[in-house]
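Hi there,

Here is the structure I promised to pass on to you. Have a look at it first, and then read my notes on the strands below.

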Amino acid sequence: MLTGDDLIRKSALAIAAAVLLLFTGCGNDSTPAVSDSVKAKANISGEPQSISEFAMDTYMTVTVYDGETETALEKAQEEIKRLEKLWSVTDEESEVYKLDHAAGETVTVSSETAELIAFAQEMFSKTDGSLDISLYPIVAEWGFTTGEYKIPDNETITALLKNTDCSKITVDGCDVTLPAGMSIDLGSLGKGVTGDRLSQVLKDNGVTSALLDLGGNIQAVGSKPDGSDWKIGLKSPFGKDNIAKLEVSDKCVITSGGYERYFVGEDGETYWHILDPKTGRPARNGIISATIIGSEGRLCDALSTSMFVMGEEKAVELWRSMGGFDMILITDDGRLIMTEGLKDSLTMYDQYSYIKTEVISDKA
Amino acid sequence: MLFRQKPQTVEIISDGKVIYTLDLSRERNREITVEFEGRQNIICIENGDIYMKEAECPDHTCMKTGRLSKAGVPIVCLPNHLIIRYSNSGGDDVDITAG
């Protein structure tokens, strides 16, 4: 029997960090991480067409399987670039950069940005502070934004924690005020919202079948061209392969995993990038991978991080009280917990038959 | 019943452009150097496998990924905008992988 620690170490060793497109780019690079795109071959025989972009510190691919793809893909690409410009933490022209450098002054932002910050505050409160967009300076202190990892000392973390707690941000219409000393990063929600926006742009342009891969966040538009469900692999936190397969249509599948970005300290411990806002340290509450399946990317993105931080018991409690989405939690003692809505759409792979699966219902 | 082998085409994508399309079963052992903004990555093809041998980036995540796996997990060097992936990403059994 593997202990939790063994499993974590095993995964730390074996895991490909690549899925993790969540990876940091050049953290101090002031140019936005947007590049020219690559367009797939012409859509002569109904072949899927795709565009890819480096944006939001990740690699995004939009693949359209039907419809007037050319226009839809161009518009999707413009939308990625537009949102990147709005929310980049390093682009001096971005609204987030302006907020982070306002030194306590009020900044008038777009309604999109104001709404997203208000949503982040709502999630902060719903999850008992498990997701905090103002944690950015601590994430940076650990080196997760640059790849130059270090373990901050207690004093540094305590001092930085004083400038967190996003409920202290004032949002009045489009006027947003951060307390002096606070800075935010919308990265924990940005990919989810981008997925929602891109799905809308594609649908507005006549697309009924598409897959979005936003750094491992998957959003499925409609179903496959033949009407069947998409088959979505679920990355294993224990190895380089998939642990299970999910069949979904018109849904987001968004995972937060400790394997995504981590380093092993000189003390031999594994430190991952998902921090507990209460301690400013990697969240270790027994969950090594949390996946949310639902219709709104923004919500799924926020919840996947929150559930990871909260741990099994509180996560299940929150799922029961909120409803409206499905969830898969994988624990460090080798269990996979799924909500009952997934019972018929999830298939485990044989090599993971040693993982104990549990189905939870909406009643305790 | 057909047991047709799917083509194992690997793409190397630098800054959003496909710069190599490789059939690993036919490739000889060799190294490919790719440069982005003055920083180099060295990709190694060895006995039908492909991996990142060296990378001028702070985290070396791409090197730690090891050999490209058929399960659909790409090798990514985000700082240097470099991706190595199977062109049918997601693997044989699924359309795409979340995680």
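How many bridges join strand 6 of chain A to strand 7 of chain A, and in which sense do the two run? There are six bridges, and the strands are antiparallel. Do keep in mind that this is a predicted model.

Some details on that pair in chain A: strand 6 covers residues 209–214, and its A:Leu212 has A:Gln219 of strand 7 as bridge partner. The two strands form a hairpin with two residues between them, where A:Gly215 adopts a positive phi near 60 degrees.

Strand 7 of chain A (residues 217–222) has another partner too. Two bridges pair it, again in the antiparallel sense, with strand 10 of chain A, residues 252–257. Here A:Ile218 sits opposite A:Val253 of strand 10. As for burial, six of the six residues of strand 7 of chain A are buried, so this strand is largely enclosed by the rest of the structure.

Now to chain B. It has an open sheet of four strands in the order 2-1-7-6, paired antiparallel. Strand 2 (17–23) and strand 6 (75–77) of chain B are at the edges with a single partner strand each, so each has one side without a neighbour in the sheet. From one strand to the next, the twist averages 15 degrees.

Enjoy exploring it!

Best wishes

Methods. Residues numbered from 1 in each chain as written. Chains lettered and ligands numbered in written order. Predicted model: local features only at pLDDT ≥ 70, side-chain atom pairs only at ≥ 80, totals over all residues. Pairing = 2+ DSSP bridges. Axes fitted to C-alpha atoms, helices over the stretch in contact; angles between N-to-C directions. Buried ≥ 20, exposed ≤ 12 C-beta atoms within 10 Å, placed from the backbone.
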